[in-house]
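This report is an introduction to one protein chain, written for a reader who is new to structural description. Please keep the sequence and the model in view while reading.

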Amino acid sequence: MSRRRTLGTKKKIALLVSAATVAGGGAFVMASTSNAAQTPKSASESTVCLGLATALGNNQKFIADQRADPDAQSEARIANREAVVAEIKRKQEASGCVVGESAQDSQATQPAQPAQPSAPAASAPASPPAASAPAGNAGGGGAAAGQQVCNGSTVTLSGEGGAPAASSNQFPAGTKLKVTNLDNNKSTTVEVTSVSGSCVLLNNAAFEQVREPGKFLIRRAVIEKVG
């Protein structure tokens, strides 16, 4: 009787060990699948990630510029932008992007600008417009009201809060800019309130007015100086 009981107990233990091994293997497979599904996306794989990477790069460039050539307000500006950088990294994580990946203001989109030379070429007889286009793009701050500026620039968010506003490295505070997203025909007119590392960055509230759902980058934008 005792032998039967012993064998019965051993069998039970063996069965339990086998079940645990199978369960453990299944858990490992599930964990591996879950980790694979959560592999962060890079800026080249997602428009959302590209927009956030661009916003991060612009803010990091602004911080670097302030440190390279500081003034009395630099310390406060840097502290503000470091908070913005932290917020953008949180958005990268929440959006499944590579956290900390940055890209400078997508003048990489300016390969689309070869379309610009061909346009003037087509209207070669009208040389006055060709002359006025560079003038508008050369010195943003010196552009006349109603003139298109920042040609070829993409637009992203600065990550700053508050009422709709913009920051710029070409226009002084008080300048009014109209930004139109050609992909959804939405536009917003905002006042430049601070300095940034890009031609135009919109704060969160302004960007929400013209963005496409789920996107943090406007590839096709028209920017006009209106005041």
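Ser74 is found in helix α3. The structure shown here is a predicted model, and each value in this report was computed from it.

Is Ser74 buried or exposed? Its relative accessibility is 2%. Ser74 is therefore classed as buried, since the relative accessible area of a buried residue is under 20%.

The side chain of Ser74 also makes a polar contact: it reaches the backbone nitrogen of Asp71 at a distance of 2.8 Å. When residues up to four places away in sequence are not counted, Ser74 touches Gln66 and Asp69.

## The chain as a whole

The chain contains six helices and eight strands. Read from the N terminus, the elements follow the order α-α-α-α-α-β-β-β-β-β-β-α-β-β.

The chain has 227 residues, of which 33% count as buried. Its accessible surface comes to about 12500 Å², and carbon and sulfur atoms account for 58% of that surface. Consider next the contacts between residues at least 6 apart in sequence: 74% of them join residues at least 24 apart.

A disulfide is a covalent bond between the sulfur atoms of two cysteines. How many disulfides are counted in this model? The count comes to two. With the bonded cysteines counted along the chain, the disulfides follow the pattern 1-2, 3-4.

The angle about the S-S bond is -85°, and the link of Cys49 and Cys97 is left-handed. This link connects distant parts of the chain: Cys49 belongs to helix α2 (residues 47-68), while Cys97 lies in the loop between α3 (74-94) and α4 (115-122), 48 residues apart.

Both ends of this link can be classified by accessibility. Cys49 has a relative accessible area of 2% and is therefore buried. Cys97 has a relative accessible area of 4%, so Cys97 is buried as well.

## The disulfide of Cys150 and Cys199

Cys150 and Cys199 are also joined by a disulfide, with a distance of 1.6 Å from S to S. Where do these two cysteines lie? Cys150 is in the loop between β1 (147-149) and β2 (155-157), and Cys199 is in the loop between β5 (186-195) and β6 (201-202). The two are 49 residues apart, and the pair links distant parts of the chain. Cys150 and Cys199 are both buried.

## Gly162 in a loop

Gly162 is located in the loop between β2 and β3 (166-168). Its relative accessibility is 58%. Gly162 therefore counts as exposed, a class that requires a relative accessible area over 50%.

Gly162 and Asn203 are 41 residues apart along the chain, and their C-alpha atoms are separated by 7.7 Å. With neighbours within four places in sequence left aside, Gly162 is in contact with Asn203 and Ala205.

## Aromatic rings and charges

How many aromatic pairs does a search of the whole structure find? The search finds zero.

Arg81 lies over the face of Phe62, at 4.3 Å from the ring centre. The charged end of Arg211 is placed over the ring of Phe216, 4.6 Å from the centre of that ring.

Definitions and conventions: Residues are numbered from 1 along each chain as its sequence is written. This is a predicted model: local features need pLDDT of at least 70, side-chain atom pairs count only at pLDDT 80 or more; totals for chains, interfaces and linings use all residues. Side-chain values use heavy atoms; hydrogens and water are left out. A disulfide is a pair of cysteine sulfur atoms within 2.5 Å. Helices (H or I, at least four residues) and strands (E, at least two) are DSSP runs, numbered from the N terminus. Buried means under 20% relative accessible area, exposed over 50%, partly exposed in between (1.4 Å probe, protein chains only). A polar contact is a pair of N or O atoms within 3.5 Å; within protein, one must be able to donate a hydrogen and the other to accept it, and residues adjacent in sequence count only if both atoms are side-chain atoms. Contact means heavy atoms within 4.5 Å. Rings of Phe, Tyr and Trp (its six-membered ring) pair if their centres lie within 6.5 Å; planes under 30 degrees apart count as stacked, over 60 as edge-to-face and the rest as tilted. A charge sits over a ring if NZ of Lys or CZ of Arg is within 6 Å of the ring centre and within 35 degrees of the ring normal. Accessible areas come from the Shrake-Rupley method with a 1.4 Å probe; for residues, only the protein chains shown count as cover.
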